[in-house]
Amino acid sequence: LSAHRPVYAFDLPGFARSSRPVFSEDPLLAEQVFVDMIEQWRIEIQLNQPFILLGHSFGGFLSTAYAIHYPTYVKQLILVDPWGFAERPED
């Protein structure tokens, strides 16, 4: 992947060796926190042009959420073994 373009690989907070922040129990608010973290990362590295976003597993779910919120920046979305949450049963 990196032969013709820069590749950035990052772990989200709470995964790998990063500290685990406290997240809201509301799934939409927790999702928005992750999306905001990705956007803050993009701003910090000054990635101001459309890019290819690849997400694996839970990263695929979050990459999709990011692409929905910030479609201007996502040129292509690649999902590798993505997953998500089913709706909570009423009972």
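The model is predicted, so local features are taken only at pLDDT of at least 70 and side-chain atom pairs only at pLDDT 80 or more, while totals for chains, interfaces and linings use all residues. Numbering starts from 1 along each chain as its sequence is written, and side-chain values rest on heavy atoms, with hydrogens and water left out.

To begin with the layout, the protein chain has two helices and two strands, where helices (H or I, at least four residues) and strands (E, at least two) are DSSP runs numbered from the N terminus. Read along the sequence, they come in the order α-β-α-β. The C-alpha trace spans about 50 × 25 × 20 Å along its principal axes. Of the 91 residues, 23% count as buried; buried means under 20% relative accessible area, exposed over 50%, and partly exposed in between, with a 1.4 Å probe and protein chains only.

Next comes the largest pocket, with a volume of about 890 Å³. On a 1 Å grid over the protein atoms alone, a pocket is an open set of points where a 1.4 Å probe fits, with protein on both sides within 12 Å along at least five of seven lines; lining residues have an atom within 4 Å of a point. Grid points are joined across faces, edges and corners, and the volume is the space filled by probe spheres set on them. Of the 29 lining residues, Y8, F10, I52, L53 and L54 are the closest to the pocket centre. Two or more lining residues come from each of helix 1 (27–44), strand 1 (51–56), helix 2 (58–69) and strand 2 (74–80), and strand 1 gives the most, with six. The lining divides into 20 nonpolar, six polar and three charged residues (Ala, Val, Leu, Ile, Met, Phe, Trp, Tyr, Cys and Pro count as nonpolar, Asp, Glu, Lys and Arg as charged, the others, Gly among them, as polar).

On the surface, L1, V7, I52, L54, I78 and V80 form a nonpolar patch with about 510 Å² of accessible area together. Such a patch takes residues with over 30% relative accessible area and no salt bridge, nonpolar side chains (Val, Leu, Ile, Met, Phe, Trp, Tyr) being joined within 5 Å; a salt bridge is a side-chain nitrogen of Lys or Arg within 4 Å of a carboxyl oxygen of Asp or Glu. Areas come from the Shrake-Rupley method with a 1.4 Å probe. V7 sits in the segment before helix 1 and counts as partly exposed because its relative accessibility is 47%.

Finally, Q46 has a positive phi, near 60 degrees, in the loop between helix 1 and strand 1.

Methods
Patch = residues over 30% accessible without salt bridge, like charges linked within 9 Å, V, L, I, M, F, W, Y side chains within 5 Å.
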